[in-house]
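Please keep the sequence and the model at hand while reading.

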Amino acid sequence: MAMEPLNVQRRVQAEETMEKRVGELREMSFALHRCAWEKTRENQDLFASQLHQRKAMNLEIAMANKDVLLHRRARMKEFLAAEAAQFEAQLNEKGLAFAKYRP
């Protein structure tokens, strides 16, 4: 086997070194892109979970509000019925008539 000239050997060695470094840079670039993608995905997942929690809280608040309104309406009917009964009793004590609708 013939011995290659020294400048060719150096050129081949330099090319191999550059190819190795380019490969390392590609791997590093891929890793950085992967990290950026993971970070973006993490932020999106966080946003999605916060949005889900916010929707759940709003739904719970709306249902609690509806429950409070129904309870308040029932209490108001009870209060007004008791007040009407008390007013009718006062009128009966005075001997006054109280007209009632009877179906």
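How many positive and negative side chains does the protein have, and how far apart do the centres of the two sets lie? The protein has 18 positive and 15 negative side chains, and the centres of the two sets are 9 Å apart. In this count Lys and Arg are positive and Asp and Glu negative, while His and the chain ends are not counted; the place of a charge is taken as NZ of Lys, CZ of Arg, CG of Asp or CD of Glu.

## Basis of the model

The model is predicted, and for that reason local features need pLDDT of at least 70 and side-chain atom pairs count only at pLDDT 80 or more, although totals for chains, interfaces and linings use all residues. Residues are numbered from 1 along each chain as its sequence is written, and side-chain values use heavy atoms, with hydrogens and water left out.

## Overall form

The secondary structure comes to one helix and zero strands, where helices (H or I, at least four residues) and strands (E, at least two) are DSSP runs numbered from the N terminus. The radius of gyration of the protein is 42 Å, well over the 13 Å that the globule rule gives for 103 residues, so the protein is more spread out than a compact globule. That radius is taken over C-alpha atoms, and the globule rule is 2.2 Å times the number of residues to the power 0.38. Taken along the principal axes, the C-alpha atoms fill a box of roughly 135 × 25 × 15 Å.

Two pairs of residues give a sense of distance along the chain. Ala62 and Leu32 are 30 residues apart in sequence and 45 Å apart in space, C-alpha to C-alpha, while Glu24 and Ala97, which are 73 residues apart along the chain, have C-alpha atoms separated by 102 Å. Both Ala62 and Glu24 are found in helix H1.

## Surface and exposure

The accessible surface of the protein comes to about 10,300 Å², of which 60% belongs to carbon and sulfur atoms; accessible areas come from the Shrake-Rupley method with a 1.4 Å probe, and for residues only the protein chains shown count as cover. Buried residues make up 2% of the 103 residues, where buried means under 20% relative accessible area, exposed over 50%, and partly exposed in between. Ala62 is partly exposed at 43%, as is Glu24 at 41%.

Leu25, Met28 and Leu32 make a nonpolar surface patch of about 340 Å², and Met28 is found in helix H1, which covers residues 6-94. Patches are made of residues with over 30% relative accessible area and no salt bridge, with like charges joined within 9 Å and nonpolar side chains (Val, Leu, Ile, Met, Phe, Trp, Tyr) within 5 Å.

## Salt bridges along the helix

Side chains of opposite charge can pair when their charged atoms come close. A search of the whole structure finds four salt bridges, each defined as a side-chain nitrogen of Lys or Arg within 4 Å of a carboxyl oxygen of Asp or Glu. Among them is the bridge between Glu15 and Arg11, at 3.4 Å from N to O; these two residues both lie in helix H1, four residues apart, about one turn of the helix. Glu15 counts as partly exposed because its relative accessibility is 38%, whereas Arg11, at 56%, counts as exposed.

Glu38 and Arg34 also meet in a salt bridge, at 3.1 Å from N to O, and being four residues apart in helix H1 they are separated by about one helical turn. Glu38 is partly exposed, with a relative accessible area of 34%, and Arg34 counts as partly exposed at 44%. Asp45 forms a salt bridge with Arg41, the closest N and O atoms being 3.8 Å apart, and about one helical turn separates Asp45 and Arg41, which are four residues apart in helix H1. Asp45 is partly exposed at 41%, and Arg41 is partly exposed at 39%.

Conventions. Buried < 20%, exposed > 50% of the residue type's maximum accessible area, 1.4 Å probe, protein only.
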